[in-house]
Amino acid sequence: MLLAQSSTPPAPVSFDLSAMDRSADPCHDFYQYACGGWRSSHSLPADKSRFGRFDELREYNSYLLRSLLEDASKPGQHSELEHKVGNFYSACMDEKTVDARGLQPIQKWLDEIATLQKPQQVLDLGARMQASGLRPFFGFGVGPDLHNSTRNIAGIDQGGLTLSDRDYYIKQDAKSVEVRERYVEHIRKMLVLAGLNQEQAAADAKTILALETKLAEASMDRTMRRDPKNLDHKMTLEQLAAQAPGIDFPRYFKLVGAQSFDELNVGNPEFFQKLGGLVVGVPVADWKAYLRWRVIKSSAPLLSKPFVDENFDFSGRYLSGQKELEARWKRCTALTDQNLGEALGPLYVEKFFPKEAKERMDVLVGSIESALGKDIESLDWMSPKTKEAAKDKLGKVANKIGYPKKWKDYSSVETRSDDLVGNVLAARVFEHKRDLAKIGKPVDRSEWEMTPPTVNAYYDPSENNINFPAGILQPPFFSPKVDEAVNYGGIGVVIGHELTHGFDDQGRKFDGDGNFTNWWGADDSHQFEQRAACLSNEYSGFIAVKDEKGEVHLKGDLTLGENTADNGGLKLAFMAMQQQLGDKMDAQIEGFTAAQRFFLGFAQVWCENITPQRARELALIDPHSPGKYRVNGTVTNSPEFPKAFGCKRGDAMVPQKACQIW
Ligand SMILES: [Zn+2]
């Protein structure tokens, strides 16, 4: 029997009265007031560990992508791009073939690992795995030179871990100990599925955890990595050789496929010093266990059902508290977008991205950039000289909206309708070669880091540009059908957020040309840091999750950049809206003034429900605060908020001392 396909749900809406909880007091808990209705009427879907109004759009978008991919995979006349993405999607959806193949798609790697005898062979295979996107030991990539942002250089950095943060390996609290016990059990089960006998699998699982723990101990933590100074280590190959004896890097780079180069950036030199010692000090048999695990774990979602299920059981059900695996078509649309994003992108843009959205965005972005100019001018803590430098940087911000001007050329990528792993490998090799070709070449700032259907946005400090993929230019963020106040609260705050990233604790360390250099007066830096410390302390007081395993607070320093961007974004968007609406600010729509609709529109982007497991995981790894604090943390610092809702000193949303940088 064929199951009926679930049909596309209705498109998300922007401002939604039914999402509110009018019984709540906006001055006491604005998040509850704006989102309480939505949160109680939208229980968490079984296939999600977090789901909010932001994710409603992601979910809706995945239906749009499915319609494109189903059309592209039907027999008939197709363009070359349709043919490529259609094949990719078909191969992913062909669960029968995937299941019948079992482990066979990665058997070649496992056979090679079995033959290794010497440390040099371990490294050589590691290099070839790197070129296929499997990334054992450490990361290798290409990007702008921190001090010469127009030129690309190669870079290596710490890596090689399976769990998402070094703390999982190192911390001694009850939860971390439990995660490690479950992780060892998960490795053991996967190795048994891959054909190892019980005894060997149990022994290897312990070895793998011990080895990854050594890599974790050599790694810098996430918060330290937010400071570019800690990752800024350009060196020659000779200097690298002296830093990390034990690894023949020229040989490694050759096997990775790079043409020769003289200098590179080493994100964390100490990591490589320690890795050099481990390569020769750790028995080859242990490295073989580690490599085998890296191949199996990173390929598991692409293999037969037993691997998919065990992978989900640990990484989804246990770590994130997600009850069910997502439907296969959702995983396959996401995988196609991840791997062939700019082949799917043109099809998506043509069908679903209206030209008017781009035109409206140009106007909105311009109005928010001009608000930041006025804001810089009005600061009482910044010297005139630093203000000039800040305005110079602002003037050089480039705006990218919707999709790339020039698409990647996928003509060399072959996809087949019956080879999922082969297709993913072809896409990864394509990206790897594209990257390698950039070493020593000028940076092309027209390239995008996100694909067009992505519901997200970003600021790139080395390129000093703000980027808004077509996917986010829809409700609840943006709609041509709603009043300006709601759009300013939605996409307006997002624009202000990305722009503020250029001036947060990380972005402020790059100049208008994208170079890592100090353009701040000493006292201005001091003033900035004082204000940043206020925000960091404020958010460190917020509790992400509280259960029998204890209370987990947000990390104020890890989330500082995002919180700075949220606070700055809200302020700038409000200023721009005031400028645009002028004396129309007090006119009411549906019983709310423009200021009220602005704050409600802003808050309603972040209505969400989340499992405690996922909240705990995100508090450790996510530089963004959870929805509740993106809303309540931000509005409490806004002088406009109490005016809009008539809140008084002493109310929870009106603190004694508000934190504000921009
Ligand atoms: Zn951000």
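Guide: The charged end of Arg182 sits over the ring of Tyr318, 4.2 Å from the ring centre; a charge counts as over a ring if NZ of Lys or CZ of Arg is within 6 Å of the ring centre and within 35 degrees of the ring normal. Lys393 is placed in this way over the face of Phe503, at 5.4 Å from the ring centre. This is a predicted model, in which local features need pLDDT of at least 70 and side-chain atom pairs count only at pLDDT 80 or more, while totals for chains, interfaces and linings use all residues. Residues are numbered from 1 along each chain as its sequence is written, and side-chain values use heavy atoms, with hydrogens and water left out.

Rings also pair with each other. Rings of Phe, Tyr and Trp (its six-membered ring) pair if their centres lie within 6.5 Å, and planes under 30 degrees apart count as stacked, over 60 as edge-to-face and the rest as tilted. The count by this rule is 44 aromatic pairs. Phe54 belongs to helix α2 (residues 53-73) and Phe477 to the loop between β8 (465-469) and α19, so the pair ties together parts 423 residues apart in sequence. Helices (H or I, at least four residues) and strands (E, at least two) are DSSP runs, numbered from the N terminus. Phe54 and Phe477 are both buried, meaning under 20% relative accessible area, where exposed is over 50% and partly exposed is in between (1.4 Å probe, protein chains only). Tyr539 and Phe542 form another edge-to-face pair, 5.1 Å centre to centre with 85 degrees between the planes, and both are buried.
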